[in-house]
Every structure is written in structure tokens, then in C-alpha cells.
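Let's take a friendly walk through this model. Have a look at the sequence and the structure first, and then we will follow a few rings and strands together.

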Amino acid sequence: MGLFDIIGPIMVGPSSSHTAGAVRIGYVTRQLLGEDIAEAQIDLYGSFLATGRGHGTDRALVAGLLGMKEDDYRIPRSFEIAKEKGMRFQFGEALLKEAHPNSVQITVTGVDGKERTIVGSSIGGGSIRICKIDDIETNFTGDYTGRVIYMYKEDMKLSPHTKSKLEEYLKKKEQGAEAHGISVN
């Protein structure tokens, strides 16, 4: 057990789950998009929806989308900063199944038109879990530098050998899944 486990993260408050965790979800969403955000639909779930405004969850999520970290003194002013930068955002209610109570679904559009939908959960003490990227289930925390490789099958530019091996693998996976009554897309 480390000191962080006892006292929590260095952050702008009031809540490590509702503020620090929310900033981190917004920040990771921005990183996964890979460009500045022009527009965001932020749909809150559970406790984020019920008490998020009072805990600053709304401002924290927008701050993260702007690229701020959880200790940035500008978090309370994130709405004004977003407006100055031309980032549009709105809030709604997420309809998630079996999600952590501190969850959010964020659909973002970048300045170059790229779109991404992220579902993330703040799991306590400023820690987060990214649960979905564009309807693909994931399970990572954003604590470590990493790379997410994300390709649509139609966009693949692979060598003929690699492409045939991948198609062979996908066909076997599909056949195995169908044998167990599972649909693979």
C-alpha cells in the first residue's frame, strides 16, 4: 500500500471519484480521439447523473476534454474556457446496462471530423476504467502509457500474406463462435 492509497490524488476537489476521476476520463477520451474536440455529447449515469453537478463532475469532464489534468486550477472555469476555444458540449442521461454507478458515455467529434464514443467509469480515489471504445468492450485504466490499435476491416492496408492469415483467423473465430451460438461481427 502506498501513500496515494491512503490520502488520494493531488487534485482540484471536491471529490476524488466525481472530480479527479471525471477529469481523467475526459482526458483519456481526448487522447483516444487524437485531436482537439469540437463537440461533445456527455451522457451521465448513476451517481454521476444524480450528484455530479454538485460535485463538479460536469466541469471536470469538460476540463479533461480540454486537456486539463486533475490538479489544474482552471477546472472550475472549464465551461468558460471551452466556450472561448469554440468547443460545444451538452449533457444528457446515459442508458447503460450493468455499469458502475460513476459512469459516463462521451461521444466526441474532433476538429477534423473524427468521431469516437467512450464509456468510462470512475472507480474511486481518482482511478478510472475505460469500458468501451466505439462499442468495443475494453478494460484499461489509462495509468500507463500505451497504444490502442484501432482499425476498421475495410481500412486495412496489409500485405497479402498478413491479410490472408488475418482472414483465416477471423473465419475460424466465426466458425467456432457459431458452433456455440455466438454471432461475430
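This is a predicted model. We begin with Phe 89, which is partly exposed, with a relative accessible area of 25%. Phe 91 is partly exposed too, at 31%.

**Aromatic rings**

How many aromatic pairs are there? The count is three.

| Pair | Distance between ring centres | Angle between planes | Kind |
|---|---|---|---|
| Phe 79 and Phe 89 | 4.9 Å | 40 degrees | tilted |
| Phe 79 and Phe 91 | 6.1 Å | 45 degrees | tilted |

Where do these rings sit along the chain? Phe 79 belongs to helix H5 (residues 78-85) and Phe 89 to strand S2 (residues 88-93), so their pair ties together parts that are ten residues apart in sequence. Phe 91 also lies in strand S2, so its pair with Phe 79 ties together parts that are twelve residues apart in sequence. Through ring pairs, Phe 79, Phe 89 and Phe 91 are linked into a cluster.

**Paired strands**

Now let's turn to the strands. Strand S4 (residues 115-124) and strand S5 (residues 127-133) run antiparallel and are joined by six bridges. Here Ser 122 stands opposite Ile 128 of S5.

S5 is also joined to strand S6 (residues 136-140), by three bridges, and these two run antiparallel. Ile 130 stands opposite Phe 140 in S6. The hairpin of S5 and S6 has two residues between the strands, and in this hairpin Asp 134 takes a positive phi near 50 degrees.

Methods. Residues numbered from 1 in each chain as written. Predicted model: local features only at pLDDT ≥ 70, side-chain atom pairs only at ≥ 80, totals over all residues. Heavy atoms only, no water. Phe/Tyr/Trp six-rings, centres within 6.5 Å; stacked < 30°, edge-to-face > 60°. Helix = DSSP H or I, 4+ residues; strand = E, 2+ residues; numbered from the N terminus. Buried < 20%, exposed > 50% of the residue type's maximum accessible area, 1.4 Å probe, protein only. Pairing = 2+ DSSP bridges.
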